[in-house]
Amino acid sequence: MTGADLFIVLIAMVGGAIRVSTPFMFVALGECLTEKSGRINLGHEGNLVLGAMVAYAGSYTTGSPWLGVLMAGCAGLVLGALHGWICKLPKVNDIAVGIAFMSFGTGLAFFFGKPYIQPSAPRLEAIPLGDWTGNSSIAQALQVNPLFFVGIALSVFLWWAFRNMRWGLILRMTGDSAASAKAMGVSVDMVRLLATAAGGFLAGVGGAFLSLYYPGSWNEGLSSGQGLMAVALVIFARWDPVRCVFAALLFGAAGAIGPSLQSIGISQGYYFFNAAPYILTLFIMIASARSKSAAREAPGELSIVK
Amino acid sequence: MSAALLVADIAVPPAAKRAPSLETAGMTKIFGPLVALDTVSIKVEAGSFHALLGENGAGKSTLVKCIMGFYAADRGSVLLDGKEVDVKSPRDARDLGIGMVYQHFTLVPCLTAAENLVISRADAPAIIDWKAEMPKLEAFMARMPFQVPLDRQVSTLSAGEKQKLEILKLLYLDQRFLILDEPTSVLTPGEADEVLGLLGQMAARGEITVLMISHKFREVKAFCDSFTVLRRGRLTGSGDARTATVAEMSSMMIGDTEVRERAERVMHNDRSAVLELAGLCAEDEEGRLAIDRVNLKIRSGEIVGIAGVSGNGQSALVEALAGQRPLSDGRVFIHGKPFEPKRSDFDRFKVYGLPEEPLKNATVPRMSVAENMAFRAFDKPPMASLGWWLSPGPMRRKAEGLIARYRVKTTSPDSPIEALSGGNVQRAVLARELSGEVDVLIVANPCFGLDFASVAEIRSQIMEQRNRGAAVLLVSEDLDEILELSDRVAVMSGGTISYVSPIGETDRNTIGQHMAGH
């Protein structure tokens, strides 16, 4: 491998990281919001796939991809709210409900999505940030979708809101000590319902990115477990929205190794490199299970922590 | 300009609102067949420091929960400053200025002290301007009698600081009638005296009225000016705490039952050390040292009581000896031979124990009483043949014998042990642990939450094992228990044993100072 090749690989990885990380980022932020309220929603994979389908269908019917994004968010919101509502029934386990919703969301998307596999819908436009360099590979890598910046802005906002806004503090309180929240007259179930719904909205938006930008089409094999990996990512990021962004970038870069090596003609071990995010997930789970500081920062009400 | 505003803010007299008086009239609360409160009328004068005394189950908690609006009383009413008020929920109570400090903490561990205070306000702003809030909080803290660091996360505060912050939170919310539920159980004697003394001064200035649930006569005598006693849901007496004697108060509390005597103590000649702890270290969940080089020798026929404020490593020490927590360093020797906390070694060295919260630590709650009583011997004859074929018959007969001998109240040996009351679970575990020959006995808070009669019985069982020659390690948060039972006292502070003394050569004050880490 020459220096030029290495440069191309690195640039491609940066571009890939930005592209691949965006859906991770949205799902992770949604999951972070949900888990901060003391509940786990494992169903975000369903939100993601349904969001992708709804976004594609919405963009195809209305002609506006951004309307599609909004509709995807709303579809995720409905799924999340349903999850939140079912979980407040007595003796319901949020993890089991989440797994059911994973299948439910995906099934719903496949059922209604059949007619949209063939047609071509308008996609989201990227912002060309690298054109001034005159280097085609840099220009291509720096085609950044606006949703990436929305995600970063959102993470900073969430980080700030968890400390400086009343609802942020109430959310953390509910997630850490339901008894104290109740003693203060806060409706724990309502807070969790709202948080799960808002988290579902974000996961739906993440799905819209998949079908409307990268890979940029709707089919049944669109998501490859990003929704589930985002849960691992939140644990890795220790429930901090800003760290969620960095974790998403790391996962994105790992996912981009295979394609970027292929771009310079190295296809040996392609499948192995494509498995990199999954291997990373595994190692992160092992590492974070051993980490004592992760245990300290976990919201006290989470069913996996209790 | 802003500085001027700030000064004005501080200058607002803290006692703009005066302490209220509170009465209950004919308060009655019935839970199914149990009359928890039977027409109880108490009167707490404005600006008084009032003690509510009673044994466990006497109805103290029910009474204050009715005042706070947690329970709707079946009959009776609450009068605040002589006017009848309708308290339907803790929120109503808060709006009326009635606040309570619970035995469990209601602070949110992941928030800082400042965040906890601000968010507890009913009018917390949607966006919190910390630049404006912090000076106000600091000013509030400055005029309070005791301080807690504002920027620390609550989970990193000590139990005493948390308790203080709970009280500060009520004062921050401008609540003038404070109900404290056994507030000093997590404090060192020194801290307890400080907090109660300062609250007493505030009450004396007419800023607050305090109603304190307690069973420590010493504190009641030292700080309260009036008291009310409940027994089995009824009012059995009230009066001036400064003139009433402890004997009067305790006879109101326990009625015609005899006050227990000190258990009989047989004097042994100096004997050899049985249990030796050599440099024990163990970590807590977060990797900090929970116990730090604990060294202790216990001779046969001796009770060594370990005193300390809860959370100073006593629980971790008991867990390490019971095999629930791995030792990171150090060795345990029994009769000079190394001991590992394994089932075979417990058997071989005749080590028995009664851990705290026995339902959680020493039983399987859903298994039957008989099965739980067989944990020590279920795989040995006659309960088992070949070490694996269990026979329920002998197991049941053995349990029936123990149930009769230790007077465990249970409907049958087959009912799940979780259905038993706390005292009976304690007795059942004690029956299991003391039924054989005991060389080493490890006991932690054996009488926590039990009534007078059970306490006397369990303490005499422990003393009997000592008299028979067992080496007893007694960990207790109840200093009176330690003073009553121990031959030697050791104090644990910050994870290590900081002080050891024979019981005759020390006193409550000295022990208290060492508990506080001095």
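Me: Is the crossing of H3(A) and H4(A) left-handed or right-handed?
Reply: In this predicted model, helix H3 (residues 65-87) and helix H4 (residues 94-113) of chain A pack with their axes 10 Å apart, at an angle of about 150°. Because angles over 145 degrees count as roughly antiparallel, H3(A) is roughly antiparallel to H4(A). The crossing of the pair is right-handed.

Me: How many residues of the contact of H3(A) with H4(A) are charged?
Reply: H3(A) contributes A:Leu79, A:His83, A:Ile86 and A:Cys87, and H4(A) contributes A:Asp94, A:Val97, A:Gly98, A:Phe101 and A:Gly105. Of these residues, 5 are nonpolar and 3 polar, and the number charged is 1.

Me: Is B:Cys66 buried or exposed?
Reply: B:Cys66 lies in helix H2 (residues 60-68) of chain B. Apart from neighbours within four places in sequence, its contacts are B:Met27, B:Lys29, B:Leu37, B:Tyr71 and B:Ala73. A residue needs 20 or more other C-beta atoms within 10 Å to qualify; B:Cys66 has 25 such neighbours, and therefore counts as buried.

Me: Which strands are the edge strands of the open sheet of chain B?
Reply: The sheet has 6 strands with mixed pairing, in the order S7-S8-S9-S4-S10-S11. An edge strand here pairs on one side only, which is the case for strand S7 (98-101) and strand S11 (234-240) of chain B.

Me: What angle does the direction of H2(B) make with that of S8(B)?
Reply: Strand S8 (residues 177-181) of chain B pairs with S7(B) in the parallel sense over 4 bridges. H2(B) packs on the sheet, touching S8 among other strands, and the angle between the directions of H2(B) and S8(B) is about 150°.

Terms used:
Residues are numbered from 1 along each chain as its sequence is written. Chains are lettered from A and ligands numbered from 1 in the order in which they are written. This is a predicted model: local features need pLDDT of at least 70, side-chain atom pairs count only at pLDDT 80 or more; totals for chains, interfaces and linings use all residues. Axes are lines fitted to C-alpha atoms, for helices over the stretch in contact, and angles run from 0 to 180 degrees between N-to-C directions. Helices (H or I, at least four residues) and strands (E, at least two) are DSSP runs, numbered from the N terminus. Angles under 35 degrees count as roughly parallel, over 145 as roughly antiparallel, 65 to 115 as roughly perpendicular and the rest as oblique. A crossing is left-handed if the near helix is turned anticlockwise from the far one by less than a right angle, and right-handed if clockwise. Two residues are in contact if their C-beta atoms, placed from the backbone, lie within 7 Å. Ala, Val, Leu, Ile, Met, Phe, Trp, Tyr, Cys and Pro count as nonpolar, Asp, Glu, Lys and Arg as charged, and the others, Gly among them, as polar. A residue is buried if 20 or more other C-beta atoms lie within 10 Å of its own, exposed if 12 or fewer, and partly exposed in between; C-beta atoms are placed from the backbone. Two strands pair if DSSP finds at least two bridges between them.
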